[in-house]
Amino acid sequence: MHVSACNGATQLCIFEQWVEPAVGAPTHWHPVEEVLTVIAGRAEMWIDDEHRTVACCCRAQATWLPKRRLRTASYPCRARVTSF
């Protein structure tokens, strides 16, 4: 965690994670918007019924996730991502 309630933030959370293949996030939602940036690897995202692939080829790629919409993610290969 780079920024969270643990170090005084009240409206912001920024974290970085390294994800192994076949690991992902269960279906969930947030009351706020989120930006997911893939620094290395690839993420397969679903926002409600919409599918997005977010991949890092030669530079990071990001996607914006609207608030209060169901989302899930899977990582078909090893990935490094940040979220805020």
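Colleague: Which residues have the most contacts inside the largest nonpolar core?

Modeller: That core has 13 residues, and those with the most contacts inside it are L36, V38, A43, M45, L65, Y75 and V81; a nonpolar core is a set of buried Ala, Val, Leu, Ile, Met, Phe, Trp, Tyr and Cys residues joined through side-chain atoms within 4.5 Å, where buried means under 20% relative accessible area, exposed over 50% and partly exposed in between (1.4 Å probe, protein chains only). This is a predicted model, in which local features need pLDDT of at least 70 and side-chain atom pairs count only at pLDDT 80 or more, while totals for chains, interfaces and linings use all residues. Residues are numbered from 1 along each chain as its sequence is written, and side-chain values use heavy atoms, with hydrogens and water left out.

Colleague: And which element gives the most to this core?

Modeller: β3 does, with five residues; strands here are DSSP runs (E, at least two residues), numbered from the N terminus.

Colleague: What does β3 pair with?

Modeller: β3 (residues 34–47) pairs with β4 (residues 50–56) in the antiparallel sense over seven bridges, pairing requiring at least two DSSP bridges between the strands. The two strands form a hairpin with two residues between them, and D48 in the turn has a positive phi of about 55°.

Terms used:
Helices (H or I, at least four residues) and strands (E, at least two) are DSSP runs, numbered from the N terminus.
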